[in-house]
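Subject: Handover of a structure and notes on its contents

Dear colleague,

Please find below the structure that I am passing to you.

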Amino acid sequence: MPVARKDHLDTLATSLLLACCLYWGFQQTLSKATITEVAPLYQAFWRFGLGTLVLLLWCHVRGIALYGVQEPVGAARAGLLAGLLFASEFVALFLAFKYTTASRATLFMYCSPFWVALVLPRFVKNERLNRVQWLGLVCAFFGVLLALGDGWRTDDAAHASAWRGDALALISGLGWGLTTCVLRASPLQHVRPEKQLLWQMGVTSLVLPVLSLLLGERWQLDFSAFAWSSLLIQGLIGAFGSYLVWMWMLTRYPATRMSVFVFLTPVFTLIIGALWLKEPVTATLLAALALVAGGIVLVNRKGIPAKAFT
């Protein structure tokens, strides 16, 4: 049964989005750090395989029916498409971590709101951004560029291969943006959030081990305590908890207004890096935070006609 949708983000949505972005900012650095011990796609397989198992257990305990339930025509095809796009997002992201820094990978991946803003209004008219909201999106993006500028100082060897990671991260962002569009513009939007998430994580859990083996990644279980902790955190909080919250919000709030919040994640990544890795917090970072916050305020302004920006 369709759920009531809101045309703005309320206090609950804003709080949940901030919590998700803060965690994702931490997780980006965590994933990058874990790659030294656990191969990229093998690590991603652990994240989503564990997340899928916990999601199935969650649905069983709560009595949420995932099978044998009548769904809208085309929901299964849309679910498979969303799963493949979701898989492409994380295959590209984890491979990007091999070639570029977490900050650069995060920046290019989190260009996904632009794909959402450009593609989704073609199918869902009430998702169109007006001129002021587009200005907010641009302000937030330039805030991220400003914040990450200090983190792009690497040695020549790193620059030589960084473009590969940047390109892969851009592909990751495209996969994320298109996944959001499928969730909002297809019959899948009328399916329970748990089922939407199961399609995405389940398909990804099937794709990742195949690609990992094809790439010749080493499979092992003799991880350190840090690596085991990382995999558990990524699977339980990341793949299960945070994505379930995100799916739930997509069924109730405008995707374009939600998507602008993702610009906070790269900024949180820099803040966490400063606290964890003792990196300096500069005036540039503070200015970037102001731009991101201002952009969010503009995108979420109420009472402005939703006229497409041309």
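The notes that follow begin with the overall fold and then turn to helix packing, individual residues and the cysteines.

This is a predicted model, in which local features need pLDDT of at least 70 and side-chain atom pairs count only at pLDDT 80 or more, while totals for chains, interfaces and linings use all residues. Residues are numbered from 1 along each chain as its sequence is written, and side-chain values use heavy atoms, with hydrogens and water left out.

Overall fold

The protein has 12 helices and zero strands; both are DSSP runs numbered from the N terminus (helices are H or I, at least four residues; strands are E, at least two). Of its 310 residues, 52% count as buried. Here buried means under 20% relative accessible area, exposed means over 50%, and partly exposed lies in between (1.4 Å probe, protein chains only). Among contacts with a separation of 6 or more, 89% join residues 24 or more positions apart, contact meaning heavy atoms within 4.5 Å.

Helix packing

Helix H1 (residues 11-34) packs against helix H9 (residues 225-250) at an angle of about 150°, and their axes are 10 Å apart. Axes are lines fitted to C-alpha atoms, for helices over the stretch in contact, and angles run from 0 to 180 degrees between N-to-C directions. H1 and H9 are therefore roughly antiparallel, a term that applies to angles over 145 degrees, whereas under 35 counts as roughly parallel, 65 to 115 as roughly perpendicular and the rest as oblique. The crossing of H1 and H9 is left-handed, that is, the near helix is turned anticlockwise from the far one by less than a right angle (clockwise would be right-handed). The contact of H1 with H9 has 19 nonpolar, seven polar and no charged residues. In this classification Ala, Val, Leu, Ile, Met, Phe, Trp, Tyr, Cys and Pro are nonpolar, Asp, Glu, Lys and Arg are charged, and the others, Gly among them, are polar.

Helix H2 (residues 40-62) and helix H8 (residues 193-214) cross at roughly 145°, with axes that come within 8 Å. This crossing of H2 and H8 is also left-handed. Residues of H2 in the contact include Phe45, Phe48 and Trp58, and those of H8 include Glu194, Met201 and Pro209. By class, the contact of H2 with H8 has 15 nonpolar, seven polar and one charged residues.

Helix H4 and glutamine 28

Eight of the eight residues of helix H4 (residues 102-109) are buried, so H4 is largely enclosed by the rest of the structure. Among these buried residues are Arg104 and Phe108. Glutamine 28, in helix H1, is buried at a relative accessible area of 4%. Beyond its neighbours within four places in sequence, glutamine 28 contacts Leu93, Phe97, Ala102, Thr106, Met109, Tyr110 and Thr269.

Alanine 290

Alanine 290 belongs to helix H12 (residues 283-299) and is exposed, at 51% relative accessibility. Its C-alpha atom is separated by 7.6 Å from that of glycine 143, 147 residues apart along the chain.

Cysteines

The whole structure contains zero disulfides, a disulfide being a pair of cysteine sulfur atoms within 2.5 Å. For cysteine 21, the nearest cysteine sulfur is that of cysteine 20, 6.8 Å away. Cysteine 21 is buried at 0% relative accessibility, whereas cysteine 139 is partly exposed at 22%.

With kind regards
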